[in-house]
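The following paragraphs lead through a single protein chain, from selected side chains to the overall fold. Please keep the sequence and the model in view while reading.

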Amino acid sequence: MRTFHVTSSLNRESITRAGLDWNLMAASPGIAGSLGPEVAGVFLCRDQFEVDWFVRMNNTGGPVDVWSVDEVDAESLIDNGSGFHYVNEPIPPDRLSLVHRDLR
């Protein structure tokens, strides 16, 4: 399954080097404005509707990037209780592709 992750453009270099890992969250606030991880995991969007919602909600104080995430097992997605999903394992850079950059 192909999913997507929306994050501050300030995180691009770190993601390119280390992938998506909530333990490395430091360059900017989370997309909802949180200064630390909301869950022990990586939030993923299942479709364009969710991507658009996260881009519009952007509380990072700057532009955001959208990354595609390959090889996600649909059964590994965890509902955080609000209908949004995450995986509880880091995602290595070789499973990521930058699909949109510097969106506002």
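Which backbone oxygen lies 3.2 Å from a polar atom of the side chain of S34? The backbone oxygen belongs to G36; a polar contact is here a pair of N or O atoms within 3.5 Å, where within protein one must be able to donate a hydrogen and the other to accept it, and residues adjacent in sequence count only if both atoms are side-chain atoms. The model is a predicted one, in which local features need pLDDT of at least 70 and side-chain atom pairs count only at pLDDT 80 or more, while totals for chains, interfaces and linings use all residues. Residues are numbered from 1 along each chain as its sequence is written, and side-chain values use heavy atoms, with hydrogens and water left out.

S34 is placed in the loop between helix 1 and strand 2; helices (H or I, at least four residues) and strands (E, at least two) are DSSP runs, numbered from the N terminus. S34 counts as buried because its relative accessibility is 18%, the terms being buried for under 20% relative accessible area, exposed for over 50% and partly exposed in between (1.4 Å probe, protein chains only). Not counting residues up to four places away in sequence, S34 touches M25 and P29, where contact means heavy atoms within 4.5 Å. T60 is 26 residues from S34 in sequence, and their C-alpha atoms are 8.6 Å apart in space.

The wider fold gives these local details their setting. The protein chain holds 2 helices and 6 strands, which follow the pattern β-α-β-α-β-β-β-β along the sequence. Its C-alpha atoms fill a box of roughly 35 × 30 × 25 Å along the principal axes. Of the 104 residues, 44% are buried. Among contacts between residues at least 6 apart in sequence, 77% join residues at least 24 apart.

Strands of a sheet pair through backbone hydrogen bonds, either parallel or antiparallel. Here two strands are taken to pair if DSSP finds at least two bridges between them. Strand 1 and strand 3 (residues 64-69) pair in the antiparallel sense over 6 bridges, and S8 stands opposite V64 in strand 3. Strand 1 is largely enclosed by the rest of the structure, because 6 of its 6 residues are buried.

S9 counts as buried because its relative accessible area is 11%. A polar atom of the S9 side chain lies 3.5 Å from the backbone nitrogen of V64. Leaving aside neighbours within four places in sequence, S9 is in contact with P63, V64, D65 and D102.

R12 is in helix 1 and is likewise buried, at 17% relative accessibility. Its side chain makes a polar contact of 2.7 Å with the side chain of D65, and another polar contact, of 2.9 Å, joins the side chains of R12 and D102. Beyond four places in sequence, R12 touches D65, W67, L98, R101 and D102. R12 and V66 are 54 residues apart in sequence, with their C-alpha atoms 9.8 Å apart.

A further set of 3 strands forms an open antiparallel sheet in the order 2-5-4. Strand 2 (42-44) and strand 4 (78-79) are the edge strands, each pairing on one side only. Strand 2 and strand 5 (residues 85-87) pair over 3 bridges in the antiparallel sense, and V42 has V87 of strand 5 as its bridge partner.

H85 lies in strand 5. Is H85 buried or exposed? Because its relative accessible area is 11%, H85 is buried. The H85 side chain reaches the backbone oxygen of G83 at 3.3 Å. Not counting residues up to four places away in sequence, H85 touches V42, F43, L44, R46, L77, I78 and D79.
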